[in-house]
Amino acid sequence: MSLKYYTHGRRDQMKVALTFDDGPNPPRTDQVMEILDSRGARGTFFVLGKWVERWPQAFQRMVEKGHTIGNHSHLHQAHLGDFDRAEAAIGNLLGRPTRFLRAHYFNFFTCLYSPVAMSRDMKIVDADVNPADFAKSDPAAIIDAALNDPSLAGGSIIDLHDGREFDDDARRLASPLPMIEALPAIVDGLQARGFELVGLDDMELVDPIEWRPDGRGTFATAEVRSAIQGLGGKSN
Ligand SMILES: [Zn+2]
């Protein structure tokens, strides 16, 4: 048993996809969309089902603005059924299934047990440019990591984060998100190089990587681990 995931689109087209994980996170997500909209850019938001349920109006604004929506699980934990639970929450408001899914922490174990993740029309998407904005406090460092990544090229998928993992609203809103400060310069810098910033639904994904269960199930529950072992894949 294996799955395929994508890290980039066609290299011969000057398209780049900015992707934002872990939202919706109002009002930060709205700020992100304002920056994108003001520059004629589209983005892709890999949302968490639990935040969609908590902030349905914030989610509706993302949909109304025409950005691409992806499934990033419900609880952001490697539970069996987490992508499927998220899909119910997201699809209920979206009115259709999502077509893109990003595994939290790029842990693909639970995907194998998710009918949603493994469905024919779903594309599992990683990224080839990872600025690690969540681990940086200086916007200049995020700009540098995004624009000067050696992998950056036509077809690149850049992974940023508009959300955080805090249930407590005071903590959530007090938590700095330097990516917001960095984003205008990232968008301007990409466009100055001639890249068109598109949603993933406007990028032809190519060269998928085939993933088989291995020893990297760091965040998988014991239940998932034993289920994966039962598949008889390589376990090194
Ligand atoms: Zn995430």
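Helices and strands are DSSP runs, of at least four and at least two residues respectively, numbered from the N terminus. The model is predicted.

Pro 27 lies in the loop between E2 and H1. A cis peptide bond joins Pro 27 to Pro 26, with omega about 5°. Pro 24 has its place in the loop between E2 and H1 as well, and the bond joining Gly 23 and Pro 24 is also cis, with omega about 0°. Most peptide bonds are trans.

Thr 19 has Thr 44 as its bridge partner in E3. Together, E2, helix H1 (residues 28-38) and E3 form a right-handed β-α-β unit.

Strand E3 is also joined by four bridges to E4 (residues 68-71), again in parallel; here Phe 45 stands opposite Ile 69. In a regular strand the side chains alternate between the two faces of the sheet. On one side of E3 are Gly 43, Phe 45 and Val 47, on the other Thr 44 and Phe 46, and all are buried. Both faces of E3 are therefore covered, since a residue with 20 or more other C-beta atoms within 10 Å of its own counts as buried.

His 76 is found in the loop between E4 and helix H4, and is buried because 20 other C-beta atoms lie within 10 Å. Ala 132 lies in the loop between strand E6 and helix H5; with 12 C-beta neighbours inside 10 Å, Ala 132 counts as exposed.

Note on methods. Residues numbered from 1 in each chain as written. Predicted model: local features only at pLDDT ≥ 70, side-chain atom pairs only at ≥ 80, totals over all residues. Pairing = 2+ DSSP bridges. Right-handed = clockwise from strand over helix to strand, strands pointing away.
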